[in-house]
Protein chains: 4
Amino acid sequence: MVIVMERKATEEQIERVTERLVADGCAVHRSTGVERTVLGVIGENVVDERDYELLDGVKEVLRITHPYKLSARAFKPEGTQVRVGEVEIGSNAVVVIAGPCSVENENQINAAAEGLHRIGTRIMRGGAFKPRSSPHSFQGLGEEGLRMLHECARRRGMYVASEITDHTLIPLFLEYSDILQVGARNMQNFNLLRELGKIRKPVLLKRGMSATIEELLLAADYIMTGGNHQIILCERGIRTFETYTRNTLDLSAIPVVKKLSHLPIIVDPSHATGRRDKVAPMARAAVAAGADGLIIEVHPDPDHALSDGAQSLRLEQFEQLMKELELISAAVGRRIDR
Amino acid sequence: MVIVMERKATEEQIERVTERLVADGCAVHRSTGVERTVLGVIGENVVDERDYELLDGVKEVLRITHPYKLSARAFKPEGTQVRVGEVEIGSNAVVVIAGPCSVENENQINAAAEGLHRIGTRIMRGGAFKPRSSPHSFQGLGEEGLRMLHECARRRGMYVASEITDHTLIPLFLEYSDILQVGARNMQNFNLLRELGKIRKPVLLKRGMSATIEELLLAADYIMTGGNHQIILCERGIRTFETYTRNTLDLSAIPVVKKLSHLPIIVDPSHATGRRDKVAPMARAAVAAGADGLIIEVHPDPDHALSDGAQSLRLEQFEQLMKELELISAAVGRRIDR
Amino acid sequence: MVIVMERKATEEQIERVTERLVADGCAVHRSTGVERTVLGVIGENVVDERDYELLDGVKEVLRITHPYKLSARAFKPEGTQVRVGEVEIGSNAVVVIAGPCSVENENQINAAAEGLHRIGTRIMRGGAFKPRSSPHSFQGLGEEGLRMLHECARRRGMYVASEITDHTLIPLFLEYSDILQVGARNMQNFNLLRELGKIRKPVLLKRGMSATIEELLLAADYIMTGGNHQIILCERGIRTFETYTRNTLDLSAIPVVKKLSHLPIIVDPSHATGRRDKVAPMARAAVAAGADGLIIEVHPDPDHALSDGAQSLRLEQFEQLMKELELISAAVGRRIDR
Amino acid sequence: MVIVMERKATEEQIERVTERLVADGCAVHRSTGVERTVLGVIGENVVDERDYELLDGVKEVLRITHPYKLSARAFKPEGTQVRVGEVEIGSNAVVVIAGPCSVENENQINAAAEGLHRIGTRIMRGGAFKPRSSPHSFQGLGEEGLRMLHECARRRGMYVASEITDHTLIPLFLEYSDILQVGARNMQNFNLLRELGKIRKPVLLKRGMSATIEELLLAADYIMTGGNHQIILCERGIRTFETYTRNTLDLSAIPVVKKLSHLPIIVDPSHATGRRDKVAPMARAAVAAGADGLIIEVHPDPDHALSDGAQSLRLEQFEQLMKELELISAAVGRRIDR
């Protein structure tokens with residue numbers, strides 16, 4: 001933390017700031033210039049910089065250390081690979097997780113699994129507990145749905161990723177899901193994050209609709225503090241004033257996260273755009289920008305999907321997209337994991 | 001829902017859209033103009049309008065009913081009053097809830113309660129379970145803190161408002177808190193909302209940092225669907241590009257909510273601005289704009305607060321503000337509840 | 001500027017940064033800690049801090065001086081009053097500028113002037129050159145409209161405020177307008193700002209729809225650099241994700257600007273909300289928050305207005321509002337200028 | 001336009017709305033349902049829908065036609081190619097415009113031109129009239145700079161793109177620039193747009209920092225109304241709450257614009273990200289998403305650039321990027337124009 005004093009700050013004011021810093025357990029390095037005094041502060045982790053901004057004679061307080069620690073690149077400069085069975089996310093291979101928005105019934109999930117497996121998918125997604133904005137919408141099949149998904153995927157050698165909405169569901173997910181997905185609305189559900197820190201399974205952490213990249217990394221820190229370091233970050237669009245797309249996919253988050261953190265980052269083009277015909281261009285763009293993977297909604301019959309059919313690809317569209325992604329991956333020196 | 005067809009839409013395309021609507025359980029009213037055909041749709045509550053946007057020949061799909069029902073003004077045109085003991089929120093009297101950000105210890109909470117009571121506060125706030133962005137920050141005293149708050153407030157005849165962060169805590173809060181506060185980060189924690197719908201105590205529902213007013217009303221609907229209609233809405237600032245204030249307090253939400261909904265709305269100027277010296281002007285502005293109440297952070301010794309001291313008023317500042325608010329209330333034909 | 005070096009920065013890297021700073025004309029104050037080295041930089045006004053962020057070994061670069069100079073509070077701690085004839089903006093009196101969106105014809109502007117004068121308005125607004133988002137909308141009466149407005153206002157002893165959209169129009173406005181208004185879309189039209197710096201008449205500078213407060217003050221600096229210090233700032237809403245109001249009125253900008261700058265600030269509740277029934281609550285809130293004035297759209301017959309009728313008050317609504325504003329002004333220790 | 005009446009709207013209210021519509025020159029198609037009446041309106045181009053929202057008995061007014069006309073895809077379904085000499089923007093070839101932020105002096109611009117030409121650049125950019133946020137920053141060399149740029153580029157057979165900031169400069173730009181660039185801050189400088197409509201040279205129109213896609217297309221309409229249909233749209237980042245990048249590059253605007261409009265769209269990754277190391281990933285992503293071209297800042301010696309050096313690529317970095325873009329272009333079935 002650096003505290004910049006006003007030009008006209010008195011010696012007394014500077015001393016009062018210094019004393020408070022020392023009382024707060026910080027070390028202070030004072031540098032007096034012709035124009036103004038600047039205080040360099042060490043050990044300010046538990047201090048709220050705004051407290052100092054309000055003291056007399058203080059012009060500005062600047063934070064110089066990032067608040068996230070465990071997710072920072074410095075913590076593991078070589079980068080993290082998250083293992084899901086034999087699949088490795090964060091390696092040279094780009095991993096595509098695919099499947100329907102919701103598990104709807106045996107037939108649907110079977111048809112989806114069949115098609116996805118044929119196209120080469122290794123991790124299948126599907127929602128059983130659905131957080132919906134309206135209480136009147138379809139809320140998911142719950143435990144039964146999760147079991148169905150697990151069974152259909154496993155039978156074909158695929159892994160499972162599904163969204164967990166409450167910490168009391170962790171035992172169930174440990175049994176039936178290989179990746180525990182935290183949705184955008186739960187990115188700051190700290191009770192859930194804390195409990196996920198205690199398990200030893202990969203967590204897919206989606207960026208909140210209005211979360212800064214720093215807040216995303218802090219949320220990862222919450223989980224990592226408990227000892228679970230198997231975290232996959234996910235960009236899924238942020239809320240802006242533009243209304244033609246559901247959210248604005250922030251692809252520049254990819255190179256930014258790559259620099260700030262050692263954790264792998266994937267992209268969800270389905271939720272970001274909300275429209276089927278925008279999914280493929282954004283999926284290609286994400287891989288071109290350096291994403292470690294994608295999570296895409298694919299449905300065997302989107303016209304009759306119970307949720308988010310409008311943003312789900314048909315199986316044949318997904319197959320076509322996978323071919324395009326192979327070309328893009330090669331162009332950036334990577335390959336698609338199949 | 002209104003479906004506008006393309007100028008060049010074929011008869012076949014129009015029929016296909018109509019058939020699908022009927023299959024989805026909707027009634028369709030077709031009106032054929034010289035230029036284009038428009039389909040008026042009734043009974044579209046469970047339909048995702050995006051599904052129709054993707055059909056051939058469709059130009060645009062317009063939603064004409066709001067998705068929230070129970071919180072809509074039409075549901076109770078005369079307006080809702082929420083009763084907390086003898087205090088009524090949503091009446092002519094403007095209610096000011098005040099207290100420290102966190103319950104820190106016996107001395108602090110006692111000093112706060114003493115001062116607040118003297119100034120005329122009738123509902124005291126205080127956090128025991130704190131949702132903090134960083135896992136390394138003070139996380140609150142938990143159950144012990146909530147009990148302390150309850151005891152200190154009750155002894156002086158004040159009611160208690162405290163934030164609940166998890167549905168498993170509901171029994172505890174039913175015992176010790178008169179208002180159960182849902183924080184901005186939990187506005188779309190649907191498990192929590194659903195459980196709060198089952199109790200019969202007032203819920204203070206804060207608008208999420210990036211939630212639209214419509215989403216706020218939908219969140220209220222989640223609670224009301226369970227039968228609990230005692231809901232107080234709270235504007236506390238939205239996230240924008242401006243960085244001089246922590247959030248941008250959206251005071252125009254007050255007249256908007258007043259028109260759209262029958263629920264009372266209060267304002268939290270402390271979290272919105274994040275700075276003590278901005279709290280009083282925004283509190284005055286909120287009352288001038290028609291707010292039914294305020295929730296303000298007040299601390300007996302903000303310089304040593306364990307959280308958010310920078311945005312907490314000192315007791316004497318709060319006393320001064322209450323005098324100003326009395327004048328403003330009178331100017332808009334209301335009074336301050338004391 | 002403060003440059004924070006990486007923990008592992010080499011002596012060579014530190015020297016290279018220092019050399020470049022010196023070459024850029026800056027003075028450097030080095031402070032070496034146990035953990036890291038921090039360089040305090042003086043005289044960095046012409047330097048782009050991002051250049052230094054990219055140098056090897058640099059962790060972060062922090063700007064410690066604000067880029068605006070002339071509009072900063074420090075430049076004139078006692079505050080600026082802008083004089084328009086006998087009216088003083090920035091004094092204890094709250095000044096209300098009112099009038100129709102556009103000058104439409106002799107009858108309309110006469111009726112408006114008549115009514116406004118009767119209610120006690122001292123500065124009348126009216127647009128003659130209209131910047132419209134669509135090329136097909138009414139674009140204003142131009143020079144003729146400006147003259148009409150001037151004549152109608154002067155005849156009743158009122159002053160005139162009108163929007164200037166191009167620097168080539170300055171001579172015309174010098175003759176017919178007492179306040180030259182710069183619209184939100186032109187806040188960064190630097191050619192216009194520069195030319196307005198050369199005149200000696202009050203300029204009303206509206207905040208751009210997505211301009212930060214810092215950019216607003218920099219725009220004021222553009223004008224002041226030319227020697228014209230008679231500037232009135234105006235908050236008129238910023239663009240956010242919320243769609244129920246046209247823009248989100250950022251009333252916290254009032255106390256923020258009051259602290260950062262010596263210039264007076266007024267508020268435009270008409271453009272911010274875009275709806276007649278939201279204008280009065282927001283006008284009251286602005287005065288309660290400490291605004292030095294308001295600019296409000298009032299039309300003798302809004303139902304037949306050629307532009308923005310939906311956000312214009314009727315004369316009788318304006319009269320009622322003025323009464324309410326008198327009460328609010330008194331509550332904050334000010335009065336309404338009439 | 002569709003006007004949805006309240007359930008309880010009286011026959012009288014419906015008639016009053018209808019009468020006003022007819023008086024406004026619209027045709028009305030009434031459809032009375034069991035629940036409510038809906039009025040379909042034709043010919044509403046000059047009507048402000050908000051006027052109708054405020055009438056008694058009206059629940060909602062929905063716009064069903066987009067306000068832009070000439071830039072709409074329907075106006076020219078096959079797509080527009082903009083010709084700059086022999087270069088065609090909007091064809092199968094992806095066009096990369098490159099050059100320094102500002103023309104600084106003979107040596108710099110010569111070195112830039114030399115390097116760019118060697119790498120295969122066909123259109124060179126360079127700013128002579130610089131719109132800078134601060135009045136104290138370098139403002140460009142003006143006319144002399146434009147001439148220098150023109151001479152250096154032409155000598156090597158390259159075309160010129162440069163930013164025009166004021167309509168009075170049009171004659172100068174007609175002589176020395178092949179593409180007239182309108183910067184983000186001038187996207188709604190309607191005087192400038194109107195005058196550019198009268199010329200017959202390509203205009204590169206950048207999306208404003210907080211402009212919706214609809215507003216961008218309306219700005220294009222302003223120019224096209226004058227008869228100049230040679231317009232290239234440019235996405236350059238929008239303002240959001242995220243601060244790690246200067247702006248958030250909205251790549252989903254590419255497929256959206258492709259659907260809504262017939263005009264070509266290119267991307268400026270340099271201004272969007274503001275950091276050199278983010279330019280290449282975003283450039284690759286733009287091409288993968290379907291952009292018709294790029295405009296990139298390249299400087300022979302960015303460390304000593306007078307403006308925006310931090311976001312400028314070195315010549316060798318640009319050369320490397322061009323190779324990567326060739327691979328990406330091929331992967332999406334296009335080629336890089338060289």
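Trainee: Why do the copies, chain C and chain D, meet through the same surface?

Mentor: First, the ground rules: this is a predicted model, where local features need pLDDT of at least 70 and side-chain atom pairs count only at pLDDT 80 or more, while totals for chains, interfaces and linings use all residues. Residues are numbered from 1 along each chain as written, chains are lettered from A and ligands numbered from 1 in written order, and side-chain values use heavy atoms, without hydrogens and water. The copies meet that way because the interface residues of chain C are also interface residues in chain D, at 100%.

Trainee: By what turn can chain C be laid on chain D?

Mentor: Superpose by least squares on C-alpha atoms of residues with pLDDT of at least 70 in both. The RMSD is 0.0 Å and the shift along the axis is 0.0 Å, with a turn of 180°. The two copies are thus related as by a two-fold rotation axis.

Trainee: Which residue of chain C comes closest to the rotation axis?

Mentor: Go by C-alpha distance, which is 2.9 Å here. The residue is Ser210(C).

Trainee: What is the strand order of the open sheet in chain C?

Mentor: Strands are DSSP runs (E, at least two residues), numbered from the N terminus. Two pair if DSSP finds at least two bridges between them. The edge strands, S2 (27–32) and S4 (58–62) of chain C, each pair on one side only. With antiparallel pairing, the four strands run S2-S3-S1-S4.

Trainee: Which residue is the bridge partner of Ile3(C) in S3(C)?

Mentor: S1 (residues 2–5) and S3 (residues 37–42) of chain C pair in the antiparallel sense over three bridges. In S3(C), the partner of Ile3(C) is Leu39(C).

Notes:
Contact = heavy atoms within 4.5 Å.
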